[in-house]
Amino acid sequence: MATLYLVPAPLDFGCDEQTPIEDVLPRATLTQAARLTHWICENAKSARAVLKRIDAAAPLAAPLQAQAIQELPRAVHKKGDHAGSAGAAPFDARALLAPLAAGHDMGLLSEAGMPAVADPGSAVVRAAHAMGAVVVPLVGPVSLLLALAASGLNGQNFAFVGYLPQDAAARQQRIRELEALALRTGQTQLFIETPYRNAAVHDALLATLQPGTRLAEAAGLTLAQAAVHSDSIQAWRRRPPPAHHRLPTVFAIGA
């Protein structure tokens, strides 16, 4: 049986500036990714853009136009891979893995970071295991762990909780729930947001959290303009508004 490789992508998706790919992906990851010719991804256009960057560092085994690229269904992006994710039924990814069954190594690629971590793709990994395939995660950036390590919050007990609600009242309630959990258990609560809503989330956190609760914001990780700030809410309220809120940001709250 062939191998499914989980190929991390740079964290600069959607950013105005890009980090040199050799700065964030090790040579072994680039070399292995360049050998692959069959892919499953979130979006074919962005996957080709990443492959073009890989090609400049480690020449692809087949021209870009000859790469076999399949997209995950849009419903998987919106509802998740798992039963119970927003009421979704589990996604059956076996059809996407036909090349794997035929003996072709495949790559799973998300738009940023490690596929299947805060991104779709876990159904593909599950299906590969069910087929008896080898699953190999390649080394590369994972924004959640980079943010956690830089936050000063509890790295021994933490949870990623996805996105906060968009509705202001529901978001405020969810923030209070996460704060209560963090203060009661010591568990750091990590979440993300679409960059254009970062400012609204930041303002809601400062308005809702208790003065002594700690908030960390890690923006633009691995980019030249990366910024990580971690402090009490009381101290955050004395700061000027962050200048990084158009960048991909990981938020974390804890004791």
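Among contacts in the chain (heavy atoms within 4.5 Å) between residues at least 6 apart in sequence, 76% join residues at least 24 apart. What I am showing is a predicted model, in which local features need pLDDT of at least 70 and side-chain atom pairs count only at pLDDT 80 or more, while totals for chains, interfaces and linings use all residues. Residues are numbered from 1 along each chain as its sequence is written, and side-chain values use heavy atoms, with hydrogens and water left out.

The chain has ten helices and ten strands, these being DSSP runs numbered from the N terminus, with helices (H or I) of at least four residues and strands (E) of at least two. Of its 255 residues, 48% count as buried, meaning under 20% relative accessible area with a 1.4 Å probe and protein chains only. Along its principal axes, the C-alpha trace spans about 55 × 40 × 30 Å.

Let me turn to glutamine 187, which sits in the loop between helix H8 (168-185) and strand E7 (188-192). Why does glutamine 187 count as buried? Its relative accessibility is 17%, and therefore it falls in that class. Its side chain makes a polar contact of 3.1 Å with the side chain of asparagine 157, and another, of 2.9 Å, with that of glutamine 189; the term denotes a pair of N or O atoms within 3.5 Å, where, within protein, one must be able to donate a hydrogen and the other to accept it, and residues adjacent in sequence count only if both atoms are side-chain atoms. Leaving aside residues up to four places away in sequence, glutamine 187 touches Asn157, Phe158, Ala159, Leu181, Ala182 and Ile253.

The other glutamine, glutamine 32, lies in helix H2 (residues 27-35). Glutamine 32 counts as buried because its relative accessibility is 12%, and, again not counting residues up to four places away in sequence, it touches Tyr5 and Leu138.

Next comes helix H6 (residues 122-130), whose buried residues are Ser122, Ala123, Val124, Val125, Ala127 and Ala128. The elements that cover them include strands E1 (3-7), E2 (38-41), E4 (106-109) and E5 (134-137), together with helix H5 (98-101). After H6 comes glycine 132, with a positive phi near 85 degrees.

Notes:
Buried < 20%, exposed > 50% of the residue type's maximum accessible area, 1.4 Å probe, protein only.
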